[in-house]
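Here is a quick tour of one chain, written for someone who likes to check things in a viewer. Have a look at the fold before reading on.

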Amino acid sequence: MHIWVDADACPTVIKDILFRVAERASLQLTLVANQFLRTPPSPRVRMVQVPAGFDEADKYIAGHVSAGDLVITADIPLAAEIVGKDAHALSPRGELYGKENIRELLDLRNFMDTLRNTGVDTGGPPAFSQGDRQSFANRLDRFLRQR
């Protein structure tokens with residue numbers, strides 16, 4: 001299993017958790033972003049910088065992910081594409097996307113996008129919290145134990 005990270009918007013604390021997990025579990029970890037990101041010196045961790053542009057990191061990940069891989073992303077359309085390829089997707093807040101919930105999440109995301117496009121202020125997500133960090137770490141740990 002390879003872990004892919006949609007890294008442009010991924011919180012630093014989540015990337016730090018993933019760096020440790022990659023070493024501890026002997027997994028390959030690839031961060032994909034439009035900008036250069038520092039990574040620890042490790043043969044297990046690499047960074048891929050994609051060109052600036054809308055969804056370039058998403059396209060790269062979707063084009064390289066294999067069945068059984070894990071993708072860390074908050075992007076619901078990317079998660080839907082990943083799940084459709086029999087890979088796994090986990091949000092930085094600890095929500096595991098799967099065949100049983102991705103359609104509903106995608107529909108909700110599209111509905112909210114429609115509201116925003118008509119001028120409705122839907123607000124944004126809450127600030128990333130210590131609880132979110134813990135939820136991610138716990139879900140990732142459970143996921144890896146099941147593999």
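## Ground rules

A residue counts as buried under 20% relative accessible area and as exposed over 50%, with partly exposed in between. Keep in mind that this is a predicted model.

## The sheet

Let's start with the strands. Six of them make an open sheet, ordered S3-S2-S1-S4-S5-S6, and the pairing is mixed. S3 and S6 sit at the edges, each pairing on one side only.

How do S1 and S2 run, and how many bridges join them? They run parallel, with five bridges between them. In that pairing, aspartate 6 stands opposite valine 32 of S2. S2 is joined to S3 in parallel too, again by five bridges, and leucine 31 has methionine 47 of S3 as its bridge partner.

## Strand S1, wrapped up

Is S1 buried or exposed? Five of its five residues are buried, so S1 is largely enclosed by the rest of the structure. In a regular strand, side chains alternate between the two faces of the sheet. Here His2, Trp4 and Asp6 point one way from S1, while Ile3 and Val5 point the other way, and all are buried.

H2 covers residues 56-64, and its buried residues are Ala57, Asp58, Ile61 and Ala62. Why do they line one face of the helix? Looking down the axis of H2, the buried residues fall within an arc of 130°, so they share one face. An α-helix has 3.6 residues a turn, so residues three or four places apart point the same way. Over on the other side of H2, Lys59 and Gly63 are exposed.

What covers the buried residues of H2? The cover includes strands S1 (2-6), S2 (28-33) and S4 (70-72), along with helix H3 (76-84).

## H2 against H3

The two helices pack at an angle of about 5°, with their axes 10 Å apart. Angles under 35 degrees count as roughly parallel, and H2 and H3 are therefore roughly parallel to each other. On the H2 side the contact is made by Asp58, Ile61 and Ala62, and on the H3 side by Leu78, Glu81 and Ile82. Sorted by class, the contact has four nonpolar residues, two charged ones and no polar ones.

## Two aspartates with positive phi

Two loop residues deserve a glance at their backbone torsions. Aspartate 55 has a positive phi of about 65° although it is not a glycine. Aspartate 55 lies in the loop between S3 (45-49) and H2, and with a relative accessible area of 29% it is partly exposed.

Aspartate 86, also not a glycine, has a positive phi of about 60°. Its place is the loop between H3 and S5. At 45% relative accessibility, aspartate 86 is partly exposed.

## Proline 92 in its loop

Where is proline 92 found? It is in the loop between S5 (88-90) and S6 (96-97). Proline 92 counts as buried because its relative accessibility is 8%, and the cut-off is under 20%.

Which residues touch proline 92, leaving aside neighbours within four places in sequence? They are Pro11, Ile14, Ile72, Thr73, Ala74, Phe128, Asp132 and Phe136. Take aspartate 132 from that list: it is 40 residues from proline 92 along the chain, and their C-alpha atoms are separated by 7.5 Å.

Methods
Residues numbered from 1 in each chain as written. Predicted model: local features only at pLDDT ≥ 70, side-chain atom pairs only at ≥ 80, totals over all residues. Heavy atoms only, no water. Helix = DSSP H or I, 4+ residues; strand = E, 2+ residues; numbered from the N terminus. Buried < 20%, exposed > 50% of the residue type's maximum accessible area, 1.4 Å probe, protein only. Contact = heavy atoms within 4.5 Å. Arc of directions from axis to C-beta. Axes fitted to C-alpha atoms, helices over the stretch in contact; angles between N-to-C directions. Parallel < 35°, antiparallel > 145°, perpendicular 65-115°, else oblique. Nonpolar A, V, L, I, M, F, W, Y, C, P; charged D, E, K, R; others polar. Pairing = 2+ DSSP bridges.
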